[in-house]
Amino acid sequence: MSRTVRIAPSLLAADLGRFKEELAIIEEGGADWLHVDVMDGVFVPNLTFGAKVIETCRRLTKLPLDCHLMVVEPEKYFDSFAKAGADLITIHVETAPHLHRQVMRIKELGLKAGATLNPSTSLETVREIAADLDLLLVMTVNPGYGAQKFIPATVGKVARARQLLDAAGSHALLEVDGGIARETIQSVWRAGADTFVAGNAVFSAKDPKAEIAALRALCAEQA
Ligand code: DX5
Ligand code: ZN
């Protein structure tokens, strides 16, 4: 299997009192991306980061910024997040009645565009746009909080997402997010995911650098 593994630690789980050090640790530890969870307190109950934090991340790290928008009317933020230095913007299909237009707008701004689905949302919602996506994110928990329990039933969905992308001839990366840790990563890797968000698993580990390496190695083992 020639899939490249990408590990994307989630800022949500970092100790924000040590913002700069936390970013340096994961960068030194070989993280591929920084995952930035943007929550608006409407689409999901929690409230987190905006353009100012993205801009600060951009200053402090060279890692690509993978911005996951858990917000209603996501298009309101495209311009300011692009200006702040986001590399990739992923929006929820549940908040995107004009998904094609929204994806195209993200690309027009020179960014990579992703679409994501809650665990209960059908993959059919992205079939028609699969070839245009740079990334498909299959949520493995219900969005809104870090450190939740991985939902095992999503493994089958990841496998079906892999088939859908392949059938569409899509080059989109297949990302998973929520409850990804040593115990769960192999199941989704085997199902066809290549990009792994890990919040709690990385930042709560005694040695976050070693944890990033361990997660990556677990995928290689199963290749
Ligand atoms: C959940 C967020 C996740 C979260 C993952 O709504 O989208 O990115 O930070 O955290 P862990 O890895 O701790 O489940
Ligand atoms: Zn996320």
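Predicted model: local features only at pLDDT ≥ 70, side-chain atom pairs only at ≥ 80, totals over all residues.
Trainee: How many aromatic pairs does the structure hold?

Mentor: Glad you started there. One pair joins Tyr-77 and Phe-81, and Trp-189 and Phe-196 form another. The count of aromatic pairs in the structure is two.

Trainee: Is the pair of Tyr-77 and Phe-81 stacked, edge-to-face or tilted?

Mentor: Let's look at the geometry together. The ring centres of Tyr-77 and Phe-81 are 5.7 Å apart, with 35° between the planes. Stacked needs planes under 30 degrees apart and edge-to-face over 60. The pair is therefore tilted.

Trainee: Which residue has its charged end over the ring of Trp-189?

Mentor: Trp-189 is buried, at 1% relative accessible area, and its aromatic pair with Phe-196 is tilted, with 6.4 Å between centres and 50° between planes. Phe-196 is buried too, at 1% relative accessibility. The charged end lying 4.0 Å from the centre of the Trp-189 ring belongs to Arg-3.

Trainee: Is Trp-33 buried or exposed?

Mentor: Trp-33 lies in the loop between α1 (19-28) and β2 (34-39). Beyond its neighbours within four places in sequence, Trp-33 contacts residues including Ile-7, Pro-9, Leu-63, Leu-88 and Leu-173. Its relative accessible area is 10%, under the 20% cut-off, so Trp-33 is buried.

Notes: Residues numbered from 1 in each chain as written. Chains lettered and ligands numbered in written order. Heavy atoms only, no water. Phe/Tyr/Trp six-rings, centres within 6.5 Å; stacked < 30°, edge-to-face > 60°. Buried < 20%, exposed > 50% of the residue type's maximum accessible area, 1.4 Å probe, protein only. Lys NZ or Arg CZ within 6 Å of the ring centre and 35° of its normal. Helix = DSSP H or I, 4+ residues; strand = E, 2+ residues; numbered from the N terminus. Contact = heavy atoms within 4.5 Å.
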